[in-house]
Amino acid sequence: MSAYKQPVSVLVLIHTPALDVLLLERAGGNGLWQSVTGSREDDESLAATALREVAEETGIEAAPDVLVDWQLSNRFVILPRWRGRYAPGVTHNTEHVFSLCVPAPIPVRLADDEHTAALWLPWQTAAAKVFSWTNRDAIRLLPQRLNGAQQPPPAGA
């Protein structure tokens, strides 16, 4: 395993059918709230990265068939405060979006070195609370993603 993080990561929105979204407060982040995130390790698949990060950051052991790959990625500048984790000269990360629906808000087991608190919030409130624009935009897409997947085809189609 490399000493540096790969500039390829996942963002996993954990939510309920009622669109309550789980947010985690970063350790030492002074109010920086986010969904589950994490970098790919070695040559693992993006789905494997997502499931590993969910388990590490929340204690939720999810089956691969309940993880939804949005086939959406965002490229962004790595904030200077975290750039030292990457190889010299690496300035951008590509983040791949996934979601995981749980039946209701559930207690989570936090990774103490990564997060200090967890909250379940309605999607609108969650979108306003996260610090990352990619996280905010993904949460704002959540109702559309779910409604699109659950809507019956139009009559006559």
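This is a predicted model: local features need pLDDT of at least 70, side-chain atom pairs count only at pLDDT 80 or more; totals for chains, interfaces and linings use all residues.
**Helix H1.** I next checked the length of H1, which runs over residues 46–58 and has 13 residues. I then asked which residues of H1 are buried. They are Thr49, Ala50, Leu51, Arg52, Glu53, Val54, Ala55, Glu57 and Thr58. Looking for what covers these buried residues, I noted strands E1 (8–15), E2 (20–26) and E4 (36–39), together with E5 (67–77), E6 (92–101) and E7 (115–122), as included in the cover.

**The largest pocket.** I turned to the largest pocket, which holds about 910 Å³ of space. Its lining comprises 38 residues, and those nearest the centre are Lys5, Arg26, Thr37, Arg85 and Tyr86. Which element gives the most to this lining? I found that H1 does, with four residues. At least two lining residues each come from E1, E4, H1, E5, E6 and helix H3 (133–150). Sorting the lining by class, I recorded 13 nonpolar, twelve polar and 13 charged residues.

**The nonpolar cores.** The largest nonpolar core has 16 residues, and within it Leu23, Ile139 and Leu142 have the most contacts. I saw that E1, E2, helix H2 (123–129) and H3 each supply at least two residues of this core, and that H3 gives the most, with four residues. I also noted a second, separate core of 14 residues, which includes Leu22, Leu24, Ala50 and Leu51; of these, Ala50 and Leu51 are among the buried residues of H1 that I had listed above.

I then looked up what Leu23 touches, leaving out residues up to four places away in sequence. Its contacts are Trp33, Gln34, Ser35, Ala117, Ala118, Leu119, Leu121, Ala126, Lys129, Val130 and Ile139. Ile139, as already noted, has its own place among the core residues with the most contacts.

**Asn74.** Lastly I looked at Asn74, which lies in strand E5.

Key: Residues are numbered from 1 along each chain as its sequence is written. Side-chain values use heavy atoms; hydrogens and water are left out. The expected span of a helix is 1.5 Å times one less than its number of residues. Buried means under 20% relative accessible area, exposed over 50%, partly exposed in between (1.4 Å probe, protein chains only). Contact means heavy atoms within 4.5 Å. On a 1 Å grid over the protein atoms alone, a cavity is a set of points where a 1.4 Å probe fits but cannot get out, and a pocket is an open set with protein on both sides within 12 Å along at least five of seven lines; lining residues have an atom within 4 Å of a point. Grid points are joined across faces, edges and corners, and a volume is the space filled by probe spheres set on the points. Ala, Val, Leu, Ile, Met, Phe, Trp, Tyr, Cys and Pro count as nonpolar, Asp, Glu, Lys and Arg as charged, and the others, Gly among them, as polar. A nonpolar core is a set of buried Ala, Val, Leu, Ile, Met, Phe, Trp, Tyr and Cys residues joined through side-chain atoms within 4.5 Å.
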